[in-house]
Amino acid sequence: MNTQRWMSTHFFSFFMTWGIFLPYWAGWMIYTKGISVSEASLIMSLGLIARGLSTLFAFPYLLERISNKTLLNIAGIGALITILCYVPAHSFTSLLLVTIALNIFYPILMPALDSVAGILVQSKQLKHYGKSRQWGSIGFVSVGIMLTVFTSMFGDDVIFWALLLGVSCFVGLSFLKAPEILSKKPQAGQTKKIKVLDLLQIKHFMLVLLIVILLQAAHATYYNYGYIFLQEIDAPVYLIGVIINIAVIAEIIFFSIADKRLHHLSPGTLLALAAAGSSLRWILVFAFPNVMVFSIAQTLHAFSFAMGHYAFMKYLTTNIPHIQIPKAQGMYSAFALSWSTAVFTIFGGYLYEIEPRYAFIGMLACSLPAMLIALVYRRVEVEKNVLLSA
């Protein structure tokens with residue numbers, strides 16, 4: 001299996017499971033375990049805090065001592081065992097403990113795969129990040145379509161068994177032969193070179209990180225309450241999975257063209273466009289709470305998520321040394337994909353119980369500042385290019 005195909009296969013396999021966990025897990029606990037929206041909000045938020053701690057500290061710590069391939073195996077097996085613990089869990093406390101445990105293992109796979117992709121790009125073994133990453137989006141949308149069919153036939157219990165099966169498949173796949181560079185352990189003495197302070201001193205890293213933190217936090221309401229909001233606005237049950245996956249289809253289209261069509265755009269320009277698209281998305285959902293407009297707004301996921309993520313990866317592979325990529329990915333996953341989302345999940349849950357639409361418009365508290373900061377960063381990039389060309 002060549003490197004491009006290996007990376008594409010692993011993205012596809014992981015994001016099939018992520019396509020179950022991200023949009024459906026809070027709803028699964030509400031409808032099958034009998035907890036309230038506020039309880040599910042608290043559980044998912046505390047899970048996000050655990051995810052942040054795991055990806056910020058455990059992920060880079062382990063990669064200083066074991067190979068990338070071994071880390072994928074450990075995280076996959078740990079996630080599989082933890083998912084099984086949901087079977088006897090029924091109380092709020094037991095569901096909270098299992099969710100925290102799951103968030104220690106399972107989400108590590110996301111920065112681990114992006115870190116692997118960054119290493120392969122820098123070592124010239126992976127030519128097109130976007131081409132491989134689009135297979136992750138294809139996996140996400142594929143499982144959504146299948147879940148739409150099976151949940152309408154057999155109910156929400158299917159969500160659990162689908163996640164269990166998906167993670168089992170990923171674990172099996174992770175034991176296959178990987179590119180040789182991923183099986184190499186860190187060299188002796190290498191850990192002394194990897195310091196968070198050095199990473200923070202890289203020019204504009206903190207500014208870019210702040211922008212993507214705000215961009216990802218703006219998805220908190222959609223990720224945790226989009227599924228139940230669609231029921232709130234009377235979307236047909238058999239269409240909910242399709243509507244959710246419009247966002248992922250937009251992702252697929254974006255990643256399929258990004259390397260060829262957007263390579264000339266700077267990270268600052270991409271981040272500003274991502275923030276503008278994000279703001280428009282939440283305004284549309286708030287202003288027009290119906291299935292048609294929600295579906296149209298889903299296409300803006302290509303901006304709010306995909307473009308923001310692509311911009312960060314572009315900045316990373318261009319400006320961050322190979323040895324510091326795991327720590328950079330850990331910080332991105334912890335602050336952008338975990339803790340900021342945890343805070344705004346609680347905020348969104350509070351607004352949702354007042355009025356569901358408020359939870360979406362509340363996300364402008366993230367996207368608008370992100371756009372302003374991105375425009376400032378873009379101006380810095382332009383001034384730098386002018387100086388270089390002078």
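This is a predicted model: local features need pLDDT of at least 70, side-chain atom pairs count only at pLDDT 80 or more; totals for chains, interfaces and linings use all residues.
Asp234 is exposed, with a relative accessible area of 66%. The protein chain has 17 helices and zero strands. Its radius of gyration is 20 Å, close to the 21 Å that the globule rule gives for 390 residues, so the chain is as compact as a globular protein of that length.

**The chain as a whole**

- The C-alpha trace spans about 60 × 45 × 35 Å along its principal axes.
- Of the 390 residues in the chain, 58% count as buried.
- If we take the contacts between residues at least 6 apart in sequence, 86% of them join residues at least 24 apart.
- The chain carries 25 positive and 15 negative side chains. The centres of these two sets lie 16 Å apart.

**Salt bridges**

- Side chains of opposite charge can pair when their charged atoms come close. Taking a salt bridge as a side-chain nitrogen of Lys or Arg within 4 Å of a carboxyl oxygen of Asp or Glu, the count comes to four.
- One of these pairs is Glu64 with Arg65, where the closest N and O atoms are 3.2 Å apart. Glu64 counts as buried because its relative accessible area is 14%, under the 20% cut-off. Arg65, by contrast, is partly exposed at 42% relative accessibility.
- Glu64 and Arg65 also belong to a network of salt bridges that includes Lys327.
- A salt bridge joins the side chains of Arg133 and Glu251, at 3.8 Å from N to O. This pair links distant parts of the chain, with Arg133 in helix α6 (residues 129-154) and Glu251 in helix α11 (residues 237-261), 118 residues apart. Both Arg133 and Glu251 are buried.
- Arg357 pairs with Glu355, and their closest N and O atoms are 3.7 Å apart. Arg357 is partly exposed at 25% relative accessibility, and Glu355 is also partly exposed, at 26%.

**Gln134 in helix α6**

- Helix α6, where Arg133 sits, is also the place of Gln134.
- Gln134 has 14% relative accessibility, and since buried means under 20%, Gln134 counts as buried.
- Leaving aside residues up to four places away in sequence, Gln134 touches Ile252, Phe255 and Ser256.

**Two loop residues with positive phi**

- Most residues other than glycine have a negative phi.
- Phi of His204 is near 70°, a positive value in a residue other than glycine. His204 lies in the loop between α8 and α9 (205-217), and at 23% relative accessibility it counts as partly exposed.
- Asp234, the residue we opened with, has a phi near 65°, again a positive value in a residue other than glycine. Asp234 is placed in the loop between α10 (220-232) and α11. It counts as exposed because its 66% relative accessible area is over the 50% cut-off.

**Sequence separation and distance in space**

- Asp198 and Gln122 are 76 residues apart in sequence, and their C-alpha atoms are 20 Å apart in space. Asp198 lies in helix α8 (residues 196-200) and, at 30% relative accessibility, counts as partly exposed.

Conventions
Residues are numbered from 1 along each chain as its sequence is written. Side-chain values use heavy atoms; hydrogens and water are left out. Buried means under 20% relative accessible area, exposed over 50%, partly exposed in between (1.4 Å probe, protein chains only). Helices (H or I, at least four residues) and strands (E, at least two) are DSSP runs, numbered from the N terminus. The radius of gyration is taken over C-alpha atoms; the globule rule is 2.2 Å times the number of residues to the power 0.38. Contact means heavy atoms within 4.5 Å. Lys and Arg count as positive and Asp and Glu as negative; His and the chain ends are not counted. The place of a charge is taken as NZ of Lys, CZ of Arg, CG of Asp or CD of Glu.
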